[in-house]
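Please open the structure in a viewer and keep a selection panel at hand.

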Amino acid sequence: MVTDPIADFLTRVRNAQMANHRIVEIPASNLKKRITEILYEKGYILKYKFEDDSKQGVIKIALKYDPTSKEPAIKSLERISRPGLRTYAKPNEFVRVKNGLGIAILSTSKGVMADKEAKAQNVGGEVLCYIY
């Protein structure tokens, strides 16, 4: 049983990149699916595929690497809000991740979205993680 599914998601991606794997499989949930879609939209992963099995389903993520240096596209995955200490931010309090080069993923009243979209819609929420 996993008590923090978002931290598990980030750790699986981080470990797969450290081992230079091309594909990582993660147990699916709606929140993880949305985080995966955001990573794809922002160019941090190559592809993703949602597969339904008889249980909860699986997310298959194709990781992205630099073709010349073989460095992963995602340099760091950092969990911010955790079960023991929830972190919330208003639109004017969003932290710029790596001076605007990274993204923060938020859970808002209008769904899970990146920090720039949340600021454009003027909604705050729980800061799930920073990615750069």
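**Conventions.** This is a predicted model, in which local features need pLDDT of at least 70 and side-chain atom pairs count only at pLDDT 80 or more, while totals for chains, interfaces and linings use all residues. Residues are numbered from 1 along each chain as its sequence is written, and side-chain values use heavy atoms, with hydrogens and water left out.

**Whole chain.** Begin with a cartoon of the chain, which has three helices and eight strands; helices (H or I, at least four residues) and strands (E, at least two) are DSSP runs numbered from the N terminus. Traced along the sequence, their order is α-β-α-β-β-β-β-β-β-α-β. The radius of gyration, taken over C-alpha atoms, is 15 Å, close to the 14 Å of the globule rule for 132 residues, so the chain is as compact as a globular protein of that length. That rule is 2.2 Å times the number of residues to the power 0.38. The C-alpha trace spans about 40 × 40 × 25 Å along its principal axes.

Colour next by accessibility: 41% of the 132 residues count as buried, where buried means under 20% relative accessible area, exposed over 50%, and partly exposed in between (1.4 Å probe, protein chains only). Of the contacts (heavy atoms within 4.5 Å) with a separation of 6 or more, 61% join residues 24 or more positions apart.

**Helix α1.** Select residues 5-18, which form α1. The end C-alpha atoms of α1 are 20 Å apart, in agreement with the 20 Å that its 14 residues should span at 1.5 Å a residue; the expected span is 1.5 Å times one less than the number of residues. Show the side chains of its buried residues: Ile-6, Asp-8, Phe-9, Leu-10, Val-13, Ala-16 and Gln-17. These buried residues pack against β1, α2, β3, β4 (77-79) and β8. Just after the helix, Asn-20 takes a positive phi of about 60°.

Glu-25 stands opposite Lys-60 in β3.

**The cores.** Which residues have the most contacts inside the largest nonpolar core? Select Phe-9, Val-13, Ile-35, Ile-61, Ile-105 and Ile-131, within a core of 26 residues. A nonpolar core is a set of buried Ala, Val, Leu, Ile, Met, Phe, Trp, Tyr and Cys residues joined through side-chain atoms within 4.5 Å. The elements giving two or more residues to this core include α1, β1, α2 (30-41) and β3, and α1 gives the most, with five.

Centre on Val-13: apart from its neighbours within four places in sequence, it is in contact with Val-24, Ile-26, Leu-63, Ile-74 and Leu-77. A second, separate core has eleven residues, among them Val-97, Leu-106, Val-123 and Tyr-130.

**The β5–β6 loop.** Finish at Lys-98, in the loop between β5 (88-89) and β6. Most residues other than glycine have a negative phi. Lys-98 has a positive phi of about 50° and, at 47% relative accessibility, counts as partly exposed. Asn-99, also in the loop between β5 and β6, has a positive phi of about 55° and is exposed, with a relative accessible area of 61%.

Conventions: Two strands pair if DSSP finds at least two bridges between them.
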